[in-house]
Amino acid sequence: MDNIIKTAHDLNRGETSTISNVIGSKNMIVSLLKQGLTPGTLIEKKFSGTFGDPVAYSARGALIALRNEEAQCLQI
Amino acid sequence: MINITLIGPHNCGKTTLFNKLTSSMYKTVNYPGSTIEYCKGTTSPKWGATFNVIDTPGIYSLYPDSIDQQISVDTLFNPKNTPDIAVVVVDSTQLARHLPLLITLKESNIPIILGLTMLDLLSKQGSTIDSQKLGELLGVEVIELNINKTEPIQQLLKTVTRVYESKKTDAKIIKPREPNNSEIISLFQKGSEIEKSTIISAQNIQDQKHFNWDSILLNPVLGFLSFILTMTLIFSSIFWWAAPLMDLIDSGFGFLVGFCKESAPDTWWGPFLGDGIIAGMGSVIIFVPQIFILFVCMSFLEDSGYLARGAMLVDRPLRAIGLTGRSFVPMLSGFACAIPAMMAARTISNKKERLITLLILPLMTCSARLPVYGLIIAFLTPRDKPWLGGLMMTGLYFAGILSGSIIATFASKMKILQNTDKSKFILELPAYKRPQIRTVLVFSLQKTYHYLKKAGPTIMIISVALWLLTNLPLKEVQSSGVDAPITKEFAHTSESWAAKLGQKLEPIFEPMGLDWRGGVAVLCSFAAREVFVSSLALMYRIEDEGEEQIKVRLLNTMEKATFMKSNQKVFTASTCFGILFFFTFALQCFPTVVVCANETKSKAFAFYQLIGFTVFAYVGSIILVQGLRMAGIS
């Protein structure tokens with residue numbers, strides 16, 4: 001079942017989707033929510049840098065760098 | 001006087017507003033009862049009214065997760081010192097994301113004014129904002145802060161007075177309860193609704209057509225190349241741009257020293273003023289160009305928005321050694337001075353990563369090491385091959401980074417530092433902007449002044465004390481003839497008080513290849529590393545006056561220096577490598593130890609760090625020197 005639910009990490013560069021759910025540890029969820037990465041927010045994968053981790057995402061007019069581990073907490 | 005506190009998320013334009021209000025005339029002050037700093041100033045006279053203004057680190061919520069953000073919350077809710085007015089600065093292009101902070105803060109009863117920034121960016125995106133409606137929806141006064149004009153600032157200050165006068169005096173200031181997850185979500189929903197009803201977008205947005213620097217700077221290949229290029233540019237500029245200025249300062253002080261001694265040849269105060277005071281001062285001031293240039297580069301990078309990208313680019317490699325991308329800025333500052341660097345580490349929310357960063361920061365090649373490295377490298381390399389010196393200096397920078405990485409790797413595996421707090425890296429990358437030259441210069445001047453104020457007195461005291469110790473006691477000398485009057489003369493260095501003390505220490509320093517004079521200079525470097533150079537000059541009594549520059553004279557003197565008992569040269573290649581090794585690792589900076597104890601809230605941490613690095617440096621340099629000698633390198 002796990003591979004059916006996609007996350008922001010699975011987006012291709014330039015692809016946009018809506019966050020459906022935020023998962024992970026309590027601490028992680030709060031940190032992501034505080035940044036405005038709430039369910040219903042549009043998120044676009046923008047730049048992946050040299051190592052492909054962290055990756056810069058655009059959401060609510062801001063460019064936010066997230067580690068892949070964190071992006072995997074944002075279900076789309 | 002009315003106290004205004006500026007509050008808002010990262011990169012919302014808070015500090016730009018602060019600089020505008022105070023004309024960049026501010027100072028960093030300690031938060032009462034702690035060592036935590038914030039920026040405090042008063043409004044510039046050109047705005048008419050006078051207010052106290054406080055700038056705070058960026059926050060997204062009133063329940064922050066790093067120490068720097070805690071400062072902002074503390075300035076708001078300190079019962080003895082609550083702000084009269086909080087100006088919440090909000091980026092108009094990120095309204096929905098920035099409003100939740102303001103909405104929560106409204107419950108605290110602190111009078112609020114909303115300052116809207118980045119309006120030029122908003123209009124570039126083809127949108128406008130209905131700030132009147134925004135104010136009505138939120139129930140606060142809204143000021144459109146077009147920072148480049150004077151009217152909005154005046155309007156803001158007028159509003160501050162009005163809101164202050166009309167505020168309810170009986171309202172008790174309370175810290176709002178921490179919202180739970182669903183409340184956070186609904187805060188952002190409210191933010192989005194307000195954004196939708198106040199931002200008026202034009203029909204066809206052509207924002208995507210703009211050239212985006214990130215397509216190069218965060219590009220998989222070009223991104224890292226440009227990062228390396230930027231860093232190389234910074235570090236080479238510290239040397240190339242500063243070199244002519246440093247030579248000029250050196251010559252100037254060399255001339256002054258000579259002048260003092262020549263114009264008062266038979267007095268005690270001529271040499272005292274020259275060798276003791278002026279040469280001591282010169283040894284501090286000579287590094288001003290390098291430090292200033294480093295700070296200009298740093299604040300230029302920070303203001304442009306690149307520093308956050310740098311942190312993102314190096315997060316992966318730094319994570320491999322137990323650090324985080326957020327360690328990047330402290331480490332970069334560490335090349336100037338470990339003290340501001342340790343304070344910059346407050347932005348690291350994970351405790352373990354923060355401690356490891358604090359642990360290795362003293363290994364970054366700080367500006368106080370430059371003079372020592374510069375002198376020894378100049379001594380080791382032929383003068384017609386400056387590139388060799390440059391290469392060695394680069395090597396020493398890498399040695400600092402490499403040893404820091406190795407120690408970080410080991411420390412991250414240690415049981416004591418394990419904690420359950422999971423490592424995170426969520427960092428907003430600000431929009432690029434052109435740095436304000438005035439802000440950059442004021443910042444760099446302040447930091448440079450800070451350096452002079454910190455290092456200056458120490459170096460002066462040590463120089464004067466050393467001069468006295470190496471020249472006293474006075475001895476009575478009878479010139480030729482029995483009837484000639486007895487005059488008093490300074491002692492030779494070998495008969496001075498310093499010699500008596502120093503010779504007892506020689507056994508400690510001899511394994512490092514140093515005689516007692518070099519040993520005293522090493523001891524003095526524990527007051528501040530750069531003191532080593534001025535102490536060497538005093539201990540070895542520069543006598544070759546033919547050269548103009550102090551440094552060249554010192555090099556010639558070092559060339560001739562020999563052990564008193566054996567006539568063997570002191571400064572051989574192996575000794576010099578030993579000194580370089582010692583200075584790479586030894587924690588010779590007392591202020592750093594104090595700041596580290598404060599930042600970690602652990603005297604034991606700072607103590608073990610001091611002892612660990614210094615013992616390693618001592619033992620390591622002995623092994624290196626003796627090993628080189630066994631290998632046939634004198």
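The legends below describe close-up views of a predicted model.

**View 1. Chain A as a whole, with its order of helices and strands.** In the predicted model, chain A has two helices and six strands, and from the N terminus on these elements follow the order β-β-α-β-β-β-α-β. The radius of gyration of chain A is 11 Å, close to the 11 Å that the globule rule gives for 76 residues, so chain A is as compact as a globular protein of that length. Taken along the principal axes, the box filled by the C-alpha atoms of chain A is roughly 30 × 30 × 20 Å. Of the 76 residues in this chain, 49% count as buried, and among the contacts in chain A with a separation of 6 or more, 52% are between residues 24 or more positions apart.

**View 2. The open sheet of five strands, with members from chain A and chain B.** The strands stand in the order E1(A)-E3(A)-E4(A)-E5(A)-E10(B), and their pairing is antiparallel. The edges are strand E1 (16-18) of chain A and strand E10 (426-429) of chain B; each has a single partner strand, so one side of each is left without a neighbour in the sheet. From one strand to the next, the twist averages 35 degrees.

**View 3. The pairing of E5(A) with E10(B).** Strand E5 (residues 62-66) of chain A runs antiparallel to E10(B) and is joined to E10(B) by four bridges. Among the paired residues, Leu66(A) has Ile426(B) as its bridge partner, while Ile64(A) has Glu428(B) as its partner in E10(B). In a regular strand the side chains alternate between the two faces of the sheet. For E10(B), the covered face holds Leu427(B) and Leu429(B), whereas Ile426(B) and Glu428(B) belong to the uncovered face.

**View 4. Helix H13 of chain B across strands of both chains.** Helix H13 (residues 306-320) of chain B lies across strand E4 (55-59) and E5 of chain A together with E10 of chain B, and the helix runs at about 145 degrees to E10(B).

**View 5. The contact between chain A and chain B.** Chain B gives 27 residues to this contact and chain A gives 30 residues. On the side of chain B that touches chain A, the elements that give two or more residues are helix H3 (95-106), helix H7 (181-198), helix H9 (222-240), H13 and E10 of chain B. By class, the residues on this side of chain B divide into 14 nonpolar, five polar and eight charged.

View 6. The peptide bond from Asp53(A) to Pro54(A) is cis, with omega near -5 degrees, and Pro54(A) lies in the loop between strand E3 (42-47) and E4 of chain A. Arg60(A) counts as buried because 22 C-beta neighbours lie inside 10 Å, where the cut-off is 20 or more.

**View 7. Met118 in a loop of chain B.** Met118(B) lies in the loop between strand E6 (112-117) and helix H4 (119-124) of chain B. The phi of Met118(B) is near 60 degrees, again a positive value in a residue other than glycine. With 25 other C-beta atoms within 10 Å, Met118(B) is buried.

**View 8. Domain 2 against domain 3 in chain B.** Chain B is divided into domain 1 (3-209), domain 2 (222-240 + 288-432) and domain 3 (571-634). The C-alpha centres of domain 2 of chain B and domain 3 of chain B lie 19 Å apart, and 19 residues of domain 2 are in contact with 18 residues of domain 3. On the side of domain 2 that touches domain 3, helix H15 (338-344), helix H16 (351-360), helix H17 (370-380) and helix H18 (386-413) of chain B each supply at least two residues. The largest share of this side, five residues, comes from H17(B). By class, the side of domain 2 that touches domain 3 has 16 nonpolar, two polar and one charged residues.

Technical notes:
Residues are numbered from 1 along each chain as its sequence is written. Chains are lettered from A and ligands numbered from 1 in the order in which they are written. This is a predicted model: local features need pLDDT of at least 70, side-chain atom pairs count only at pLDDT 80 or more; totals for chains, interfaces and linings use all residues. Two strands pair if DSSP finds at least two bridges between them. Axes are lines fitted to C-alpha atoms, for helices over the stretch in contact, and angles run from 0 to 180 degrees between N-to-C directions. Two residues are in contact if their C-beta atoms, placed from the backbone, lie within 7 Å. The radius of gyration is taken over C-alpha atoms; the globule rule is 2.2 Å times the number of residues to the power 0.38. A residue is buried if 20 or more other C-beta atoms lie within 10 Å of its own, exposed if 12 or fewer, and partly exposed in between; C-beta atoms are placed from the backbone. Ala, Val, Leu, Ile, Met, Phe, Trp, Tyr, Cys and Pro count as nonpolar, Asp, Glu, Lys and Arg as charged, and the others, Gly among them, as polar. Domain bounds come from an automatic or database domain assignment.
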